[in-house]
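Please examine the sequence and the three-dimensional structure shown here before reading the report.

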Amino acid sequence: MKEVQGQSFLQNHPCYNKDAAANWGRLHLPVAPNCNIQCNYCNRKYDCANENRPGVTQHVYTPQEAAAFVHKVFDARKDISVVGIAGPGDPMCDADKTLETFRLVKKDFPHVMLCLSSNGLAVPDYVDEIADLGITHVTITANAIDPEIAKHVYSMVRYDGNIYKGIDGARILLERQAESIRKLKEKNIIVKINTVVVPDVNMDHVPAIAKQAEAWGVDLMNCIAMIPVHDTAFENHRGPTAEEIDNMRQFIGHYVPQMTHCKRCRADAIGRLCEA
Ligand code: SF4
Ligand code: SF4
């Protein structure tokens with residue numbers, strides 16, 4: 001299997017380096033409540049299911065509250081190597097709040113790594129700012145590279161003030177995700193893709209996504225088993241078994257390194273992954 005490459009100081013990111021996860025933690029700041037798409041496995045009463053485990057909706061901070069909270073956490077513990085924003089909605093749907101939060105954190109803690117997770121729809125408009133702010137790691141959730149498959153994963157895409165459904169929405173989202181990843185890699189940002197695996201929807205398509213990820217130069221891929229959630233289009237779908245996910249990772253691991261220790265953290269997670 002391929003292994004993640006990267007500069008040494010970046011090796012303390014607990015998600016990108018399994019060995020670092022024993023000693024280093026992440027701090028998620030829940031500053032972004034809104035979303036610009038609808039994934040068929042997501043119930044918006046919960047966190048963004050692309051990165052986070054379903055949980056009760058938590059408090060959403062303003063950027064200033066979030067920055068003050070970082071001070072409090074860093075006063076109490078020295079094992080946080082990365083500050084991330086992963087929801088509870090899509091961080092780049094609330095780009096102003098997300099980028100302002102990163103700006104405040106970077107000003108007071110210039111050495112901390114910054115990490116962002118998004119569905120990618122709005123990311124192309126902000127790649128320069130993301131790079132200028134020193135955000136080192138970005139995750140894009142890529143559940144398909146073929147709009148014919150993506151149209152079964154997403155029921156709505158809100159773009160440029162319009163609502164798109166079906167194949168039209170799928171095409172826009174996939175084009176924007178590809179553009180996000182290409183532009184981020186041009187800026188030498190470390191890119192992970194999350195792929196939510198749904199049997200009978202995109203599971204057979206995941207190797208094609210991994211192959212494209214290799215062509216994009218993606219650094220790490222995180223295959224996430226879909227958990228059926230009440231009141232969603234996929235509530236009656238089954239999630240993949242652990243064996244199916246393991247076999248998948250073995251099969252596609254020669255295209256792109258596979259993350260195997262994701263804890264599906266909430267948007268307000270704090271600490272080492274073993275504390276999740
Ligand atoms: Fe839910 Fe995240 Fe999908 Fe938005 S991007 S619909 S918050 S899973
Ligand atoms: Fe890391 Fe997975 Fe938690 Fe995201 S959800 S912070 S990738 S362990």
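The report below treats a sheet, a helix and the nonpolar cores of this predicted model.

## The three-stranded sheet

The model contains an open sheet of 3 strands in the order β2-β6-β7, and the pairing is antiparallel. Strands β2 (37-39) and β7 (162-164) lie at the edges; each has a single partner strand, so one side of each is left without a neighbour in the sheet. From one strand to the next, the twist averages 20°.

Strand β2 pairs with β6 (residues 154-159) in the antiparallel sense over 3 bridges. Within this region, glutamine 38 is placed opposite methionine 156 of β6. Helix α5 (residues 166-186) lies across β2, β6 and β7, and its direction makes an angle of about 65° with β6.

## Helix α2

Helix α2 (residues 95-108) has 14 residues, which at 1.5 Å a residue should span 20 Å; the C-alpha atoms at its ends are 20 Å apart, in agreement with that value.

The buried residues of α2 are Ala95, Thr98, Leu99, Thr101, Phe102, Leu104 and Val105. Among the elements that cover these buried residues are α1 (63-76), β3 (80-85), β4 (113-118), α3 (127-132) and β5 (135-141).

## The nonpolar cores

The largest nonpolar core has 51 residues, of which Leu27, Leu29, Phe74, Ile130, Ile135, Leu184 and Met221 touch the most other members. When neighbours within four places in sequence are left aside, the contacts of leucine 27 include Phe69, Val70, Val73, Phe74, Ile80, Val82, Ala269 and Ile270.

A second, separate core comprises 22 residues, including Cys35, Ala144, Ile149 and Tyr154.

Conventions. Residues are numbered from 1 along each chain as its sequence is written. Chains are lettered from A and ligands numbered from 1 in the order in which they are written. This is a predicted model: local features need pLDDT of at least 70, side-chain atom pairs count only at pLDDT 80 or more; totals for chains, interfaces and linings use all residues. Side-chain values use heavy atoms; hydrogens and water are left out. Two strands pair if DSSP finds at least two bridges between them. Helices (H or I, at least four residues) and strands (E, at least two) are DSSP runs, numbered from the N terminus. Axes are lines fitted to C-alpha atoms, for helices over the stretch in contact, and angles run from 0 to 180 degrees between N-to-C directions. Contact means heavy atoms within 4.5 Å. The expected span of a helix is 1.5 Å times one less than its number of residues. Buried means under 20% relative accessible area, exposed over 50%, partly exposed in between (1.4 Å probe, protein chains only). A nonpolar core is a set of buried Ala, Val, Leu, Ile, Met, Phe, Trp, Tyr and Cys residues joined through side-chain atoms within 4.5 Å.
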